[in-house]
Amino acid sequence: MIRLAGVNKYFGDYHALKDINLDIPAGQVVVLLGPSGSGKSTLCRTINRLETIDEGEIYIDGVLLPEEGRQLAQLRSEVGMCFQQFNLFSHMTILDNVTLAPMKVRGESRRDAEKHARELLTRVGIEAQADKYPAQLSGGQQQRVAIARSLAMKPKVMLFDEPTSALDPEMINEVLDVMASLARDGMTMVCVTHEMGFARKVADRVLFLADGAIVEDTTPAKFFSDPESDRARDFLAKILGH
Ligand SMILES: Nc1ncnc2c1ncn2[C@@H]1O[C@H](COP(=O)(O)OP(=O)(O)OP(=O)(O)O)[C@@H](O)[C@H]1O
Ligand SMILES: [Mg+2]
């Protein structure tokens with residue numbers, strides 16, 4: 001579903017992604033781990049071309065991601081992305097936030113877009129909030145709206161970059177539960193998260209990045225019990241040490 005072949009990315013002289021080769025089959029849930037600055041966000045952002053790459057190729061469902069143009073907009077809509085900041089439109093209701101892109105970009109009728117949006121809001125557990133504005137919702141609810149908004153574009157792939165990092169602790173689980181249910185339903189997912197419980201329970205695969213390179217590519221069970229590299233052992237000691 002996602003293929004990266006020989007991907008290299010520079011920020012000026014800084015080599016941010018180093019020869020990334022990666023195949024993610026449909027339905028797989030991948031958790032990206034690694035120290036701050038290792039390139040996790042950059043890798044996510046290249047997958048939907050929010051960042052350009054300097055070398056290599058990226059395919060989504062067998063189609064080469066183009067550099068720019070109409071075809072890029074279409075392929076990008078097949079890749080949903082959810083960040084730490086929810087970026088909802090504050091002047092629009094929850095329902096309108098979710099229907100906007102399907103109507104504008106996919107040309108769906110209001111009737112169809114609203115029907116689908118209400119189904120998605122039900123799926124993420126906030127159907128009762130449809131007519132409210134973002135500021136009237138909790139952070140966890142807003143993040144679930146952001147997930148519903150991405151799903152409204154019927155993506156083939158979902159990317160999550162620390163979706164729970166800005167949330168109060170009691171709201172983290174409600175967002176992780178939505179992500180886990182998406183995973184159960186067969187969504188192909190790449191998740192950057194510090195939630196190690198989620199990584200252990202939901203991920204099929206852990207990729208550990210250090211200095212822009214994939215250092216380990218393994219199962220959660222193996223990664224957490226018996227990491228291969230010193231970098232990974234060091235990382236685990238730090239995050240599990242307190
Ligand atoms: N737009 C940019 N211009 C220059 N350097 C950048 C840019 N974006 C990222 N970098 C650099 O690339 C490296 C990787 O950054 P990235 O944000 O991908 O790391 P990360 O693994 O997501 O870190 P964190 O866990 O802190 O979010 C860092 O050294 C960062 O400073
Ligand atoms: Mg990051």
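Which residue has its charged end over the ring of Phe 224, and how far is that end from the ring centre?

Analyst: It is Arg 200, whose charged end sits over the ring of Phe 224, 4.5 Å from its centre. A charge sits over a ring if NZ of Lys or CZ of Arg is within 6 Å of the ring centre and within 35 degrees of the ring normal.

The model is predicted: local features need pLDDT of at least 70 and side-chain atom pairs count only at pLDDT 80 or more, while totals for chains, interfaces and linings use all residues. Residues are numbered from 1 along each chain as its sequence is written, chains are lettered from A and ligands numbered from 1 in the order in which they are written, and side-chain values use heavy atoms, leaving out hydrogens and water.

Phe 224 also belongs to a cluster in which ring pairs link it with Phe 208, Phe 223 and Phe 235. Rings of Phe, Tyr and Trp (its six-membered ring) pair if their centres lie within 6.5 Å; planes under 30 degrees apart are stacked, over 60 edge-to-face, and the rest tilted. Under this rule there are three aromatic pairs. One of them joins Phe 208 to Phe 223, a tilted pair with 5.6 Å from centre to centre and 35 degrees between the planes. This pair connects distant parts of the chain, 15 residues apart: Phe 208 lies in strand E9 (residues 205-210) and Phe 223 in helix H8 (residues 220-225). Such elements are DSSP runs numbered from the N terminus: helices (H or I) of at least four residues, strands (E) of at least two. Phe 208 and Phe 223 are both buried. The pair of Phe 223 and Phe 224 is edge-to-face because the planes stand at 85 degrees, with ring centres 5.4 Å apart. Phe 224, like Phe 223, is buried. Buried means under 20% relative accessible area, exposed over 50%, and partly exposed in between (1.4 Å probe, protein chains only).

Asp 211 counts as partly exposed because its relative accessible area is 39%. Lys 154 also has a positive phi, near 55 degrees, and is not glycine. Lys 154 is placed in the loop between helix H5 (139-151) and strand E7 (157-161); its relative accessible area is 46%, so it is partly exposed.

Elsewhere, ligand 1 has a shell of residues including Phe 11, Tyr 14, Lys 40 and Glu 162, each with a heavy atom within 4 Å of it. Helix H1 (residues 40-47) gives the largest share of this shell, three residues.
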